[in-house]
Amino acid sequence: MIVGLVQCDCLLYSAQSLKDKRSVLLSILRKATHSHNLAASETDFQDVWQRTSLAFVSVGTSKVVVEKELTRALQLIDSHPEIERTQTTYEWF
């Protein structure tokens with residue numbers, strides 16, 4: 001069994017309030033957890049309008065399967081024009 005974690009810092013240039021930020025993040029986090037084998041959360045910058053840190057975790061029987069799920073999560077972020085990924089790190093357990 002392998003556990004994969006991907007953390008990414010993101011910028012939301014058009015967010016003018018925490019409400020704007022939350023609407024974008026909730027859309028991403030809900031899609032990630034409902035359609036993929038992932039757990040997802042905002043892990044930092046909760047009180048900042050235009051910045052966030054997101055974490056996605058997946059568990060599987062092989063690194064290839066887990067990495068595919070984590071890549072889908074990153075593609076989900078990249079598909080939203082309101083948010084830009086700035087730094088991404090992977091960890092394996």
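Me: Buried means under 20% relative accessible area, exposed over 50%, and partly exposed in between (1.4 Å probe, protein chains only). Which residues of H1 are buried?

Reply: Lys21, Val24, Leu25, Ile28, Leu29 and Ala32 are buried in H1. The model is predicted: local features need pLDDT of at least 70 and side-chain atom pairs 80 or more, while totals for chains, interfaces and linings use all residues. Residues are numbered from 1 along each chain as its sequence is written, and side-chain values use heavy atoms, without hydrogens and water.

Me: What do the buried residues of H1 pack against?

Reply: They pack against strand S2 (39–44), strand S3 (51–60) and helix H2 (63–78). Contact means heavy atoms within 4.5 Å. Helices (H or I, at least four residues) and strands (E, at least two) are DSSP runs, numbered from the N terminus.

Me: What makes glutamate 42 and lysine 21 a salt bridge?

Reply: The term requires a side-chain nitrogen of Lys or Arg within 4 Å of a carboxyl oxygen of Asp or Glu. Here the closest N and O atoms are 2.9 Å apart, which meets the rule. Glutamate 42 lies in strand S2 and lysine 21 in helix H1, so the pair ties together parts that are 21 residues apart in sequence. Both residues are buried.

Me: Why is glutamate 69 called buried, and why is arginine 72 called partly exposed?

Reply: Glutamate 69 has 12% relative accessibility and therefore counts as buried. Arginine 72 has a relative accessible area of 35%, so it is partly exposed. The two form a salt bridge, with the closest N and O atoms 3.0 Å apart.

Me: Why is the pair of tyrosine 90 and tryptophan 92 called stacked?

Reply: Rings of Phe, Tyr and Trp (its six-membered ring) pair if their centres lie within 6.5 Å; planes under 30 degrees apart count as stacked, over 60 as edge-to-face and the rest as tilted. This pair has 6.1 Å centre to centre and 10° between the planes, so it is stacked.
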